[in-house]
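User: Could you take a close look at one part of this model for me? I would like to hear about the charged side chains and how they pair.

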Amino acid sequence: MRRFLIAGNWKMNTVQGSAESLAGELAAAATSEEAGVEVLVCPPAPYLIPVREKIAGSAVRLGAQDVYFEAPGAFTGEICSEMLQDCGCTFVLIGHSERRAIIGETDQLINSKVRAALAAGLTVVLCVGEQLSEREAGQTEAVLDRQMEGGLEGISEQEAAAVVIAYEPVWAIGTGVTATPDQAQSAHEHLRSWVAARYTPEFAAGIRILYGGSVKPDNAESLLGQPDVDGALVGGASLKGNLFIPIIDAARKLAE
Ligand code: PEP
């Protein structure tokens, strides 16, 4: 059985004090390893170390929101995989729609980042998702296929064992509009079929596919209850313990 992953993406939010207090709340809510649910938090890069200190000894994993693909060197402003690991990260988000749309990240750049992060031993959360205009034009599956092909180009099945996919329809991110459970399930099923065709059906049965896009306590159970939804990537609601912890609890209930 696939283990739920509930991941919080704090984006460019918090200051050190609020990051530490939120991390403390999460650590208290996930004190020990659980068979059914894994919890991940991705704070802004300057707060990775303070958050690491707060979650030390708990079951909360630490992840970064991005990584650069080069080895240490003359790349002003960038952060490489080795630095993230040195800060205690075991996960990294790659290809978030905000980075694709605002920073202009291409599938080729995303692929370079995926390769570098996997080579360093990080677990990659590869984000994919269509824009509203693409969904309305009936292009959702074609867009997902293109992003999956681009992001995972040259990645072997063995390497892909450390990949988690996050399906995040762009129209649902930070908008308060959530995909219906049926819309999420249909995209996840498609993504799993893509993985089965690209790798093997056995491998596809084990890969985790998270849903992201306005996940809140009141919709978490219905989304996480879909057969191909293996967790959530949560933005806004991950910034408040009283919203994020109930999402973890919804996964716990389903995992029982
Ligand atoms: C995200 O940032 O990945 C996200 C899904 O944001 P939100 O939950 O706020 O829609």
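Analyst: R99 and D66 meet through their side chains in a salt bridge, at 3.1 Å from N to O; the term covers a side-chain nitrogen of Lys or Arg within 4 Å of a carboxyl oxygen of Asp or Glu. The two residues sit in distant parts of the chain, 33 residues apart: R99 belongs to helix 4, and D66 to the loop between strand 3 (60-64) and helix 3 (81-86). Helices (H or I, at least four residues) and strands (E, at least two) are DSSP runs numbered from the N terminus. This is a predicted model, where local features need pLDDT of at least 70 and side-chain atom pairs count only at pLDDT 80 or more, while totals for chains, interfaces and linings use all residues. Residues are numbered from 1 along each chain as its sequence is written, and side-chain values use heavy atoms, leaving out hydrogens and water.

As for accessibility, D66 counts as buried at 16% relative accessibility, and R99 as partly exposed at 23%. Buried means under 20% relative accessible area, exposed over 50%, and partly exposed in between, with a 1.4 Å probe and protein chains only.

Helix 4 (residues 97-103) also holds E98. E98 forms a salt bridge with K11, with the closest N and O atoms 2.7 Å apart. K11 lies in the loop between strand 1 and helix 1 (16-29), so this pair ties together parts that are 87 residues apart in sequence. E98 is partly exposed, at 27% relative accessibility.

Elsewhere, K113 pairs with E105 in a salt bridge, the closest N and O atoms being 2.6 Å apart, and both K113 and E105 are buried. Salt bridges also link R3, E33, E38, R61 and R208 in a network. The count of salt bridges comes to 19.
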